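Could you look over the points below with the sequence and the model open beside you?

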Amino acid sequence: MWGLIYQLKSVWKDKFCIMSFLLPILVAVVLHFIGTIDLSSLGELHFGALENNLSAETISWLERYGPVITYQTMEELTAAIKEPSTDIIGVETDGNSIKTMVAGDELDIFQQAADTLPLLYADWENTEQINVSILERPDILAGLQNVFIALTLIVAMFMGCTFNAMNIISEKENGVELINQILPMTHSQYVIQKIFVGFVCGCLSAVMTACICFRLPPTSMLLMLTLIILSAFIAALIGLFIGKFSENLMVGVVYVKIVMIVFMAVPLLSYLLGANGLILTLCYFVPSSATFEGVMNLTNSAEPMIAKDMLILMAHCIVWFLLYLSISKQQKKNE
């Protein structure tokens, strides 16, 4: 018990661990508020015209596609079009038709709209007879937000790896490891102490992140909690490996960063590229791939099927744990 209390005190002394614990929660808060912002207006067309240059019918026609802003002079209109922060399309009368003006630094979609607008205006009378169905605009950030949340959860679960690695390395450098070797403490007790605190902190960080980001039904929340527990346990185990094989703090930080990049990059690339077959099977050798897939299924499906992901994570838990024990026993024999 006192050993666990000592390990908990070590957490609050390590700024790196505190940052690893709080960062996913802060990112989750930011993602939560971004999800409430309506960005649909960013893709809306905006038109600029000289005062008394366009007819009321033309202005009314343009307002079907976006707001029309009138300017008193050509200099004001030109300045508004050239303003880098805007995508205003200038419109003025050209005989019986209209012509458009753009600065050239707009997005392609706005430049194409400017090129097409005079042609649409020329067929104005014909287009009046066409039946138009307005479809609901999809949320551009809906899918990406779930991806960001899943990656943030992986980082939160990774906190246990960071703590265990940094804690063991600091004990090596301070000579505490030598003291641990002569204390009346079995190797299993030592492993439990090291895993427990990192595992608990990783779980807490991930649970708080999930509560901020998700509003899931009770069944899905239980499944999410299971994913978090399994993933946090694996992360804590990997932290033991990094701490054991790192010679100093700088080497440990490099290992932690490499593992974190792999944990985030492999599932993300697998998802974006639509990996399947043998490639997907190879991706499952990185435990975060199953975690990412399970989180995405829970958020995107009304009836999530994550049994396969849980089995993969359980297999990782057993394999990594037995591997650590075997390596530790082998090192003791060699000593």
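1. Rings of Phe, Tyr and Trp (for Trp, its six-membered ring) are taken to pair if their centres lie within 6.5 Å, and a pair counts as stacked with planes under 30 degrees apart, as edge-to-face with planes over 60 degrees apart, and as tilted for the rest.

2. Basis of the note. Please bear in mind that this is a predicted model, in which local features need pLDDT of at least 70 and side-chain atom pairs count only at pLDDT 80 or more, while totals for chains, interfaces and linings use all residues. Residues are numbered from 1 along each chain as its sequence is written, and side-chain values use heavy atoms, with hydrogens and water left out.

3. Two edge-to-face pairs. Phe241 and Tyr324 form an edge-to-face aromatic pair, at 5.4 Å centre to centre and with 80° between the planes. Because Phe241 lies in helix H11 (residues 218-245) and Tyr324 in helix H15 (residues 307-334), this pair ties together parts that are 83 residues apart in sequence; helices (H or I, at least four residues) and strands (E, at least two) are DSSP runs, numbered from the N terminus. Both Phe241 and Tyr324 are buried, where buried means under 20% relative accessible area, exposed over 50% and partly exposed in between, with a 1.4 Å probe and protein chains only. The rings of Tyr271 and Phe292 have their centres 5.6 Å apart and their planes at 70°, so that pair is edge-to-face. Tyr271 lies in helix H12 (residues 249-273) and Phe292 in helix H14 (residues 287-300), so the pair ties together parts that are 21 residues apart in sequence. Tyr271 counts as partly exposed, at 39% relative accessibility, whereas Phe292 counts as buried, at 3%.

4. Nonpolar cores. A nonpolar core is a set of buried Ala, Val, Leu, Ile, Met, Phe, Trp, Tyr and Cys residues joined through side-chain atoms within 4.5 Å. The largest such core has 53 residues, of which Leu153, Phe214 and Met224 touch the most other members. The elements that give two or more residues to this core are helix H7 (140-157), helix H8 (159-174), helix H10 (187-213), H11, H12, H14 and H15, and H11 gives the most, with 13 residues. A second, separate core of 15 residues includes Trp61, Leu62, Val68 and Ile98. Taking contact as heavy atoms within 4.5 Å, and leaving aside neighbours within four places in sequence, Met224 is in contact with Leu153, Ala210, Phe214, Leu216, Val295 and Leu298.

5. Thr291 has its place in helix H14 and is buried, with a relative accessible area of 3%. Leaving aside its neighbours within four places in sequence, Thr291 is in contact with Ile154, Met157, Ser231 and Leu313. Thr162 lies in helix H8 and counts as buried at 1% relative accessibility. From C-alpha to C-alpha, Thr162 and Gly252 are 9.2 Å apart in space, although 90 residues apart in sequence.

6. Strands around E3. Two strands pair if DSSP finds at least two bridges between them. Strand E3 (residues 88-94) and strand E4 (residues 97-101) run antiparallel and are joined by five bridges; in E4, Met101 is the bridge partner of Gly90 and Ile98 that of Thr93. The hairpin of E3 and E4 has two residues between the strands, and Gly95 takes a positive phi near 70° there. Strand E1 (residues 46-50) runs parallel to E3, with three bridges joining them, and Gly48 stands opposite Gly90 in E3. E3 is mostly covered, since five of its seven residues are buried.

7. Cysteines. How many disulfides does the structure hold? The structure holds zero disulfides, where a disulfide is a pair of cysteine sulfur atoms within 2.5 Å. Cys211 counts as partly exposed at 42% relative accessibility, while Cys317 counts as buried at 9%.
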